[in-house]
Amino acid sequence: FSHKVHIEILCEVKKIHLQQEFMQLQRTSLTFPKEEKNVEPDEVLWPVYVELTNGKIYGCNFIVSATGVVPNIKPFLDGNNFAVGEDGGLKVDEHMHTSLTGIYAAGDICTASWEPSPVWHQMRLWTQARQMGWYAAKCMVADTLGESIDMDFCFELFAHVTKFFNYKVVVLGKYNAQGLGLDHELMLRCTKGQEYVKVVMQHGRMMGAVLIGETDLEETFENLILNQMDLSAYGEDLLNPDIDIEDYFD
């Protein structure tokens, strides 16, 4: 079984060319190898072209950049003995303290080192960085005033909202079954061109969800994940489009 995936290793993207720019280059793009056949010049015109540092150029319909995040802590390490997490961030506790007195960290540069909620995890996104920065500021003020402070509610449930190809995308909790092992199940609902719903269940409880499109399910699913209600009795009816689940659980 082939997924028709071609991988180029030991190279990076050198430049991206639009179709008109590529034509002016008078260069040749390549077809993606098929089975054991050699790579051949591509005679198709593509909307966009990727030039790699190994000299190859491929045409494609669109480009998705998934580069990941590496915490840039180097400027802060000189002369400072910060505790560093396994993922390279400055370790912070539940009040955003680093290992050095009076120093706080938030966002992509830090590593959350407290025992997290079962449905929250750190993922270096701008929404989470903003939440951490706001909470870090509250912690600084509380420490200055000598007051105690409870951990912010945003750390109870991982949630991120964005748009992709003009579709609303909501991800909640352990939406990709992060850390759940093999002991979980998925339920899916898909309406072509309209919506995609994926729910992650474990022991009858909703642990995460992916909602694409105008599903209007995010608030209900958020509550179900937070409440950890046993939903075993409902089975696949949870995603039955003929049942108004919002009214049912509200």
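Before starting on strands, I noted the rule for pairing: two strands pair if DSSP finds at least two bridges between them. I also reminded myself that this is a predicted model.

Entry 1: Three of them form an open sheet in the order 1-2-3, with antiparallel pairing. Strand 1 (13–18) and strand 3 (57–60) stand at the edges; each has a single partner strand, so one side of each has no neighbour in the sheet.

Entry 2: Next I picked strand 2 (residues 48–52) and strand 3, which pair in the antiparallel sense over four bridges. Which residue of strand 3 is the bridge partner of Tyr49? I found Gly59 there.

**Entry 3: salt bridges.** For this search I needed the cut-off, a side-chain nitrogen of Lys or Arg within 4 Å of a carboxyl oxygen of Asp or Glu. The count came to six salt bridges.

**Entry 4: back to strand 2.** I followed Arg27, which forms a salt bridge with Glu51, and the closest N and O atoms are 3.5 Å apart. Arg27 lies in the loop between helix 1 (19–25) and strand 2, while Glu51 lies in strand 2, so this pair ties together parts that are 24 residues apart in sequence. Are the two partners buried or exposed? Arg27 counts as partly exposed, at 37% relative accessibility. Glu51 is buried, and its relative accessible area is 8%. I also saw that Lys14 joins Arg27 and Glu51 in a network of salt bridges.

**Entry 5: a helix and a strand.** Further along I came to Glu218 and Lys168, whose salt bridge has its closest N and O atoms 2.5 Å apart. Why does this pair tie together parts that are 50 residues apart in sequence? The reason is that Glu218 lies in helix 4 (residues 218–227) and Lys168 in strand 7 (residues 167–173). Glu218 is partly exposed, with a relative accessible area of 22%. Lys168 counts as partly exposed too, at 23% relative accessibility.

**Entry 6: a buried pair.** My last stop was Arg189 and Glu195, whose side chains meet in a salt bridge at 2.8 Å, N to O. I looked up their accessibility as well, and both Arg189 and Glu195 are buried.

Technical notes: Residues numbered from 1 in each chain as written. Predicted model: local features only at pLDDT ≥ 70, side-chain atom pairs only at ≥ 80, totals over all residues. Heavy atoms only, no water. Helix = DSSP H or I, 4+ residues; strand = E, 2+ residues; numbered from the N terminus. Buried < 20%, exposed > 50% of the residue type's maximum accessible area, 1.4 Å probe, protein only.
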